[in-house]
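Here is a friendly walk through one protein model, written for someone who likes to know the cut-offs behind each term. Have the viewer open as you read.

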Amino acid sequence: MTRKIKLVIILGVMIALLVVGWFAGTRLTVKQYDVTSTKIEKEIKLVQLSDLHFSEFGENNSKLVAKVEELKPDVIAITGDLFDEQGDSVPKSLVKQLTKIAPVYFSPGNHEYDVKDAYEDDYKLFLKEAGVINLEDKTATIDVNGQKFQMSGLRSSAKLTFDYPYYEEGLAEIKKQQDPAYYQVLLSHMPDYFELYVASDFNLTLSGHTHGGIIRIPYTNIGAIAPGPQRLILPKYVYGEHTKNGKKMIISAGLGAGSFHQKAFPRLGNPYEIVEVIIRPK
């Protein structure tokens, strides 16, 4: 085999991998996780949506809404970057449809803080009027068919470098509202502080922000980059399920490609996803 033929074969394989990776990155999928706890006596089905970034799947997000509806969730959790500088028509329309399916709980992401004036003056009021529970540094006790558990939401920040005191302050505020007898779920946009979430005794943390690592080896948790605070190549907390001291964190690959400048980087091998978490008795 000549060198020229070898180069053509290598180039062909690379192009094929890019095409397959790009195709995989354009799909809308459902990723299911099962977790168990002795604090749970009746099954809870929770659907997580994260990092919408003005994305639409079908007209008026009809495909996204239909998939969520098919899952028949007890609770819908939105873990940040629902709103950003691209506008509010798409997220507002989606929220109005989601609240007809199940109770919706929200915690903010860094992009809510990028548009902080609009978030404070408009979006917070919209969420309240739409029936969404905003859990920013708050805890809610939720009853699903007689099964009570608590869900909290942690503040976020437009700052994309580590700021432990800022997040510790939010967690301390949340701890005042918690009852340790209940199963504890935390909605926190940033997965980077997993050790803090474990130390604060959250049984399950739902995060987003990393967009699955942008480029990911299919069917693995290996993503190429994290858009801060980790800012690492092949970061540790970028996608999937992580466990530490019996506590779990699930990181969603999310629904968007980011804001304008981030859309220059296509998602490869990294489908858009809805996360379904089934919490079962142990």
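Ala, Val, Leu, Ile, Met, Phe, Trp, Tyr, Cys and Pro count as nonpolar, Asp, Glu, Lys and Arg count as charged, and the others, Gly among them, count as polar. By that scheme, the lining of the largest cavity divides into six nonpolar, two polar and two charged residues.

Before going further, please note that this is a predicted model, in which local features need pLDDT of at least 70 and side-chain atom pairs count only at pLDDT 80 or more, while totals for chains, interfaces and linings use all residues. Residues are numbered from 1 along each chain as its sequence is written, and side-chain values use heavy atoms, with hydrogens and water left out.

**The cavity**

A cavity here is a set of points, on a 1 Å grid over the protein atoms alone, where a 1.4 Å probe fits but cannot get out; lining residues have an atom within 4 Å of a point. Grid points are joined across faces, edges and corners, and a volume is the space filled by probe spheres set on the points. The structure holds one cavity of 30 Å³ or more, and about 50 Å³ of space lies in the largest cavity. Its lining consists of Leu 49, Ser 50, Asp 51, Leu 52, Ile 78, Gly 80, Asp 81, Leu 82, Leu 94 and Leu 255.

**Sheet and hairpin**

Helices (H or I, at least four residues) and strands (E, at least two) are DSSP runs numbered from the N terminus, and two strands pair if DSSP finds at least two bridges between them. Strands of a sheet pair through backbone hydrogen bonds, either parallel or antiparallel. In this model, six strands form an open sheet with mixed pairing, in the order S1-S12-S2-S3-S4-S5. Strand S1 (28-37) and strand S5 (133-134) stand at the edges with a single partner strand each, so one side of each has no neighbour in the sheet. Further in, S2 (residues 44-49) pairs with S12 (residues 272-281) in the antiparallel sense over five bridges, and Ile 44 of this pair stands opposite Ile 279 in S12.

Another antiparallel pair joins S6 (residues 138-144) to S7 (residues 147-153) over seven bridges, with Thr 141 opposite Gln 150 in S7. S6 and S7 form a hairpin with two residues between them, and Asn 145 in the turn has a positive phi of about 55°.

Buried means under 20% relative accessible area, exposed over 50%, and partly exposed in between (1.4 Å probe, protein chains only). Why is helix H3 described as largely enclosed by the rest of the structure? Seven of the ten residues of H3 (residues 89-98) are buried, and therefore the helix is largely enclosed. These are Val 90, Pro 91, Lys 92, Ser 93, Leu 94, Val 95 and Leu 98. With contact meaning heavy atoms within 4.5 Å, they pack against S2, H2 (62-71), S3 (75-79), S4 (104-107) and H5 (116-130).

Leu 64 lies in helix H2 and is buried at a relative accessible area of 0%. Leaving aside residues up to four places away in sequence, Leu 64 touches Leu 28, Leu 49, Leu 52, Phe 57, Leu 94, Leu 255 and Ile 274. The C-alpha atoms of Leu 64 and Ile 274 are 8.4 Å apart, although 210 residues separate them along the chain.

**Salt bridges**

A salt bridge is a side-chain nitrogen of Lys or Arg within 4 Å of a carboxyl oxygen of Asp or Glu. The whole structure has 13 of them, including these:

| Pair | Closest N and O atoms |
|---|---|
| Asp 88 and Lys 92 | 3.4 Å |
| Lys 92 and Asp 122 | 3.3 Å |
| Lys 124 and Glu 136 | 3.4 Å |

Lys 92 is buried at 17% relative accessibility, whereas Asp 122 is partly exposed at 29%. Lys 124 is partly exposed, with a relative accessible area of 26%, and Glu 136 is buried, at 13%. Lys 116, Glu 120, Lys 124 and Glu 136 are linked in a network of salt bridges.

**Backbone details**

The peptide bond from Gly 228 to Pro 229 is cis, with omega near -5°; Pro 229 is found in the loop between S9 (204-207) and S10 (240-244). Lys 72, a residue other than glycine, has a positive phi near 50° and counts as exposed at 66% relative accessibility.

Key
On a 1 Å grid over the protein atoms alone, a cavity is a set of points where a 1.4 Å probe fits but cannot get out, and a pocket is an open set with protein on both sides within 12 Å along at least five of seven lines; lining residues have an atom within 4 Å of a point.
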